[in-house]
Amino acid sequence: MESRGVTPGPYRATKLWNEVTTCFLAGMPLRKHRLHFKKHGNCFTACEAADWLCELLRSNSNFGPEVTRQQTVQLLRKFLKNHVIEDIKGRWGSENLEDNNQLFRFPTTSPLKTVPRHHPELKKSNLENVSKEKESIFKLRHLSRRTPKKHVFQENTENIRSEVRDENKENPVEEREVRQEDIEEIWRHIILMHLQTILGMPSLEEILDPAQVIPQYIIYNMTNTSKHGVVVLQNKEDDLPHWVLSAMKCLANWPRNNDLSQPTYAGFERDVFRTIANYFLDLPEPLLTFEYYELFVNILGLLQPHLERVAIDALQICCLLLPPPNRRKLQLLMRMISRMSQNVDMPKLHDAMGTRSLMIQTFSRCVLCCAEEVDLDELLATRLVSFLMDHHQEILQVPSHLQAAVEKHLDYLRKGHITYPGDELIAALPTYSYCKQISTQEFDEQKVSTSQAAIAELLENIIKDKNLSLKEKKKKLKQFQKEYPAIYQTRFPTTESEAALFGDKPTIKQPMLILRKPKLLSLRY
């Protein structure tokens, strides 16, 4: 099941729920079952449903192969609670379902959820705000922004200002003062423009409020980092406790950095892991925060093989929006679980589960979770954490191209190329081009055509290679003809065209005249 029908936008989790439900209703095999000497038609067992639904979810790009059978059974329980299915006696509303031979069936009523719609007046006001946002890209009109509630950071912007001033000391052009508000506003618009371009959406209004883009967080995350790119916090009270950091270092570098002077015992590593897990699971909100839930859920729909680069670039920008303490915790957590999953010397931390699966199942809900209960929360979070583990080094690094884009805009502003409110002329901002997003079918067609062109070029190189002897060239062409007969046939449609290359007889010989041997008659009567 490919999630092509679920477009980016608000309430994407609800749309995915409806998509999974529709596919389950349409594809789940129904047959007769016997229970207590009585036959029941058009039904299925919980075990059969778990088998079929697990394969469905694993083949969906929104959930991926990391889906476990336990998660599938949990989803079936939610199906029973929401009357997607009912037991053979028509009972539903609870989550009383186990992975066994209990019989269930589909109800006659529609189980699909209603996707809420925006009120027309609210949508109109949003459109007006977006138009003002676009206008302020040029006029730098300062928008009303939310003041950060939890953390206030000092922005490291003096370097940006000094670099901008030093660039053109030789040019005696009348300069304008670059204010702190200008720098923050440019960061906001650069982030919004790049994210909208990457996602290929006409507008971000339905998944991200511009007020959620806090320039102070972005600037801090870009400039206050260690040599490894990890955020360094000025206020140590917002950092991970020392005992949690020590425990994470212990498992991340196991057994190299394990302090052998400390007493250890059988199961020591499991207790250390449980200590770390309890800390993250007890956090008041997920690391990606509740307010960015819709944003990250929408990016989950780009997590397909041909859109992997798009997903990485989008997640790289979205993770810059996080409060610095959250970004630091996410960086350290991803580094730890990635190292642990790849460490062949790591002792087994669970009796029935591998290290990678254990990391994903344990920390998924403390990374992504909705403030209100969403039926597909766990599956969506599992998919995102799996992708973050595999690409965390790229996603959580500082994107230098954003810094360069901001500095270029500041340079335009300082030189007077961007006007303030009240000025009549507005100069064009620098533009940025990105790769065009294509469909899966176009990607497959381009892949085939590109491969065939490369193979055809290889054939031409063999033909034109003057360093090969005639015997070696014939041998290579014979091998090529065996591996790629269609391309060889296109290049040499007839034996004559092949013979013209070597100036002798065709390599494919014509069948010789076969004379029929006379039948010898026996002399015996």
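**View 1. Surroundings of His83, a buried residue with positive phi**. His83 is buried, its relative accessible area being 15% (buried denotes under 20% relative accessible area, exposed over 50% and partly exposed in between, with a 1.4 Å probe and protein chains only). The residue is found in the loop between α3 (69-81) and β3 (86-87); helices (H or I, at least four residues) and strands (E, at least two) are DSSP runs numbered from the N terminus. Although His83 is a residue other than glycine, its phi is positive, near 65 degrees. The model shown here and in the other views is predicted, with local features requiring pLDDT of at least 70 and side-chain atom pairs counting only at pLDDT 80 or more, while totals for chains, interfaces and linings use all residues. Residues are numbered from 1 along each chain as its sequence is written, and side-chain values use heavy atoms, with hydrogens and water left out.

**View 2. Asn42 in strand β2**. Asn42, placed in strand β2 (residues 38-45), has a positive phi of about 55 degrees although it is not a glycine. With a relative accessible area of 57%, Asn42 is exposed.

View 3. Of the 20 residues of α6, 16 are buried, so the helix is largely enclosed by the rest of the structure.

**View 4. Crossing of α6 and α7**. The axes of α6 and helix α7 (residues 215-223) come within 9 Å and cross at roughly 85 degrees, which makes α6 roughly perpendicular to α7. Axes are lines fitted to C-alpha atoms, for helices over the stretch in contact, and angles run from 0 to 180 degrees between N-to-C directions; angles under 35 degrees count as roughly parallel, over 145 as roughly antiparallel, 65 to 115 as roughly perpendicular and the rest as oblique. Ile183, Glu184, Trp187, Arg188 and Ile191 in α6 meet Pro215, Gln216, Ile218, Ile219 and Met222 in α7 (contact means heavy atoms within 4.5 Å).

**View 5. Crossing of α8 and α12**. Helix α8 (residues 242-252) and helix α12 (residues 324-342) have axes that come within 8 Å and cross at roughly 30 degrees; the two helices are therefore roughly parallel to each other. On the α8 side, the contact is made by Leu245, Met248, Leu251 and Ala252, and on the α12 side by Arg328, Leu332, Leu333, Met336, Arg339 and Met340.

**View 6. The cis peptide bond at Pro255**. The peptide bond from Trp254 to Pro255 is cis, with omega near -10 degrees. Pro255 is placed in the loop between α8 and α9 (268-281).

View 7. Leu287 lies in the loop between α9 and α10 (293-300) and counts as buried at 2% relative accessibility. The C-alpha atoms of Leu287 and Pro323, 36 residues apart along the chain, are separated by 9.1 Å.
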